[in-house]
Amino acid sequence: MSSVTLKVSEGKKKTKTPAVTKQRKIRKVDEDIMNAIGIVILSLVMFICIVPFWTIIVSSFRSESSLLTKGYSILIKDFSLEAYEMVFRDPSKILGAYRNTIMITCIGTFCAVFMATMTGYVLQRQDFPWRNKISFFFFFTTLFSGGLVPTYLLNTKVFGFKNSYLGMIVPLMFSVWNMIISKTFMRSISFSLTESAKLDGANDIYIYFKIMFPLSKPLIATLCLFSALAYWNDWYFCMLYESKEHMFNLQYFLNEIINSIQALKVIASKGGDVSMTGITLPQETMKMAMTVIATGPIVLLYPFVQKYFVKGLTIGSVKG
Amino acid sequence: MLRREKKGFAKFLSDVVKFRYLLLMLIPAVVYVILFAYLPMTGIIVAFKKYNYNQGIYKSPWVGLNNFKFLFISKKLWPLTRNTLGYNLAFIVFGMFFQVSFAIILNEIRCKVFKKTAQSIMFLPYFISWVVVAAMVQAFFGYETGLVSKLIENAGGTKINITTTTWIWPFLLVFLNLFKGTGYGTVVYLAAITGMDQEIYEAAEVDGANVWQRIKYITIPFLKPTMATMFMLALGGVFRGDFGLFYQTIGNNGQLLEVADVLDLFIYRVMISNNDIGMSAAAGVYQSILCFATIVTVNSIIKRVNPDYTLF
């Protein structure tokens with residue numbers, strides 16, 4: 001029986017082959033068109049994405065007078081390190097902001113990844129009887145929230161976030177979104193692994209650490225990157241909870257620099273002496289240099305986690 | 001004797017014992033959510049009170065609907081709601097269009113190096129904070145020295161001062177939102193496409209489907225569930241503005257606030273600058289209820305049309 005079907009299929013193949021190659025040739029043409037259009041469109045998109053970065057970097061290496069007279073440009077003109085010299089004249093503030101950001105990012109990312117994967121692991125376990133109810137208990141917080149005012153009042157008055165590093169760490173420590181990503185990813189790991197480990201007498205905590213964790217590398221890399229990004233780029237919670245300058249993180253420090261120079265400019269131009277302030281402080285290039293300093297490290301992290309990215313980022317449904 | 005199946009409370013207790021480690025692992029997140037998400041929900045009552053710093057949320061005197069009355073009288077509610085909804089819908093619709101299109105295009109591109117590079121570079125803007133985006137806006141659109149201003153000047157046109165030109169902001173804000181978010185969304189959809197069974201494509205090839213047919217009849221239908229999930233999740237926040245974007249670009253510029261004041265900006269401003277806790281909380285409650293009502297309504301409609309696409 002099987003030999004007959006084999007023969008039949010072979011016969012079919014033989015007769016079909018010329019047709020397939022013919023079709024393939026036709027298909028190649030439209031695939032080429034698709035590729036050409038795609039490359040043009042994406043090149044344009046890449047250009048739009050990269051030009052702002054390039055402009056900022058190039059501008060930070062220009063002299064203030066060149067920037068003020070010739071304006072921003074994507075070309076390298078009048079190379080100068082003036083801005084960086086100015087920014088690093090008194091590096092203690094920048095280094096302090098750096099220290100705060102790095103500390104907060106490390107602690108926060110560790111907690112965030114741990115909580116998201118641990119919760120995600122429990123809620124994807126098929127044998128866990130309350131998984132749907134508890135999933136909804138978490139998910140509900142994304143549908144409805146108390147809003148800014150009660151959150152702010154409770155956090156400052158009850159939990160003591162005001163002028164404490166807690167104010168910058170705790171709000172980003174658990175994200176339901178990351179929990180859902182973890183759940184989706186871990187569900188794709190065969191449940192029989194958990195079952196056989198259980199038969200061998202392993203408890204759930206052991207299974208989570210020793211079996212699921214090593215198998216979830218793409219997920220963990222993705223979550224690390226997202227959490228680190230959220231902490232590194234946070235200025236909002238710093239603005240909300242911190243009022244002492246030595247506790248500012250990098251982004252809020254940058255925000256202050258951009259805005260206080262603006263304020264300075266407004267005051268100076270009201271006095272009618274714009275040129276004076278232009279000479280004393282290379283304001284524009286300093287802003288750009290600070291932007292480069294504040295953004296650089298996190299962008300450099302990207303190539304290391306990039307290969308895990310597409311695997312780690314499958315978003316599934318909330319249900320189940 | 002046959003062992004009887006445990007029922008009710010006894011079953012519950014035996015389950016608790018059986019899954020004690022799993023329950024233990026849930027504790028940190030459950031405690032976190034109770035303290036920082038559910039407890040603030042009870043704080044909503046502050047919208048019905050005359051907040052007094054010394055007495056706190058729970059002991060301040062009740063004032064009924066007074067805060068809502070003032071909010072209503074201020075006539076801010078309608079423009080705020082309209083702006084928030086309008087901007088968010090634009091963000092969702094344009095965002096989804098570009099994300100899905102770029103993911104499909106990326107998937108069709110055969111040159112591996114180009115594909116990887118394009119993906120990486122498109123993701124780059126996702127890495128920066130809105131503070132940095134604001135710096136970029138200044139570098140490009142600053143009135144005196146901005147790149148665009150200089151280009152217009154050199155071409156002999158009249159420069160546009162974006163801090164006073166209101167019509168430009170709806171476009172600029174949508175553009176900035178797309179600039180920062182498209183790369184991320186594209187990768188989400190690309191991940192979905194990559195996870196799909198490649199044999200379907202091969203089968204389609206054998207049947208002689210061309211690229212457009214493949215995209216239309218295989219890729220797009222396959223992406224529908226992901227699109228539905230992303231759409232529903234975005235819809236849950238349709239009355240929540242992107243605070244960072246609006247705060248960093250619009251901030252307190254009174255002239256621009258006419259076209260770009262959104263609920264989050266208003267709530268923050270009223271709380272921090274005006275120190276009017278009552279009105280700010282009332283606006284917050286209004287926002288939360290709108291969000292909740294939207295998502296519940298849409299979810300129940302979707303449930304009738306296609307239960308697979310519901311969020312909960």
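The model is predicted; local features require pLDDT of at least 70, side-chain atom pairs count only at pLDDT 80 or more, and totals for chains, interfaces and linings use all residues. Residues are numbered from 1 along each chain as its sequence is written, and chains are lettered from A and ligands numbered from 1 in the order in which they are written.

Chain A contains 16 helices and zero strands. Helices (H or I, at least four residues) and strands (E, at least two) are DSSP runs, numbered from the N terminus. Of the 320 residues of chain A, 38% are buried. A residue is buried if 20 or more other C-beta atoms lie within 10 Å of its own, exposed if 12 or fewer, and partly exposed in between, with C-beta atoms placed from the backbone. Among contacts in chain A with a separation of 6 or more, 76% join residues 24 or more positions apart. Two residues are in contact if their C-beta atoms, placed from the backbone, lie within 7 Å.

Two packed helices are described by the angle between their axes and the distance between the axes. In chain A, helix H4 (residues 92-124) packs against helix H11 (residues 217-232) at an angle of about 140°, and the axes are 8 Å apart. H4(A) is therefore oblique to H11(A). Axes are lines fitted to C-alpha atoms, for helices over the stretch in contact, and angles run from 0 to 180 degrees between N-to-C directions. Angles under 35 degrees count as roughly parallel, over 145 as roughly antiparallel, 65 to 115 as roughly perpendicular and the rest as oblique. H4(A) and H11(A) cross in a right-handed sense. A crossing is right-handed if the near helix is turned clockwise from the far one by less than a right angle, and left-handed if anticlockwise. H4(A) contributes A:Thr101, A:Ile104, A:Thr105, A:Gly108, A:Thr109, A:Ala112, A:Val113, A:Ala116 and A:Thr117 to the contact. H11(A) contributes A:Leu219, A:Ile220, A:Leu223, A:Cys224, A:Ser227, A:Ala228, A:Tyr231 and A:Trp232. By class, the contact of H4(A) with H11(A) has 11 nonpolar, six polar and no charged residues. Ala, Val, Leu, Ile, Met, Phe, Trp, Tyr, Cys and Pro count as nonpolar, Asp, Glu, Lys and Arg as charged, and the others, Gly among them, as polar.

A:Gln124 also lies in helix H4 of chain A. This residue is buried because 23 C-beta neighbours fall inside 10 Å. Beyond four places in sequence, A:Gln124 is in contact with A:Lys183, A:Met186 and A:Arg187. A:Ser188 is 64 residues away from A:Gln124 in sequence, with 9.6 Å between the C-alpha atoms.

A:Met286 belongs to helix H15 (residues 283-305) of chain A. It has 21 C-beta neighbours inside 10 Å and so counts as buried. Leaving aside neighbours within four places in sequence, its contacts are A:Ala83, A:Met86, A:Val87 and A:Leu281. A:Ala36 is 250 residues from A:Met286 along the chain, and their C-alpha atoms are separated by 42 Å.

Domain bounds come from an automatic or database domain assignment. Chain A is divided into domain 1 (2-60) and domain 2 (87-312). Their contact takes four residues from domain 1 and five residues from domain 2. On the domain 1 side, two residues are nonpolar, two are polar and none is charged. Chain B is divided into domain 1 (24-63) and domain 2 (66-309). The centres of these chain B domains, taken over C-alpha atoms, are 30 Å apart. Six residues of domain 1 of chain B are in contact with eight residues of domain 2. The domain 1 side of chain B has five nonpolar, no polar and one charged residue.

The contact between the chains takes 78 residues from chain B and 82 residues from chain A. On the chain B side, helix H2 (residues 20-42) gives the most, with 13 residues. That side divides into 54 nonpolar, 19 polar and five charged residues.

Two loop residues of chain B have positive phi values. B:Lys75, in the loop between helix H4 (66-73) and helix H5 (77-108) of chain B, has phi near 60°. B:Lys75 is exposed because it has 9 C-beta neighbours inside 10 Å. B:Asn275, in the loop between helix H14 (263-272) and helix H15 (277-305) of chain B, has phi near 55°. B:Asn275 is exposed, with 10 other C-beta atoms within 10 Å.
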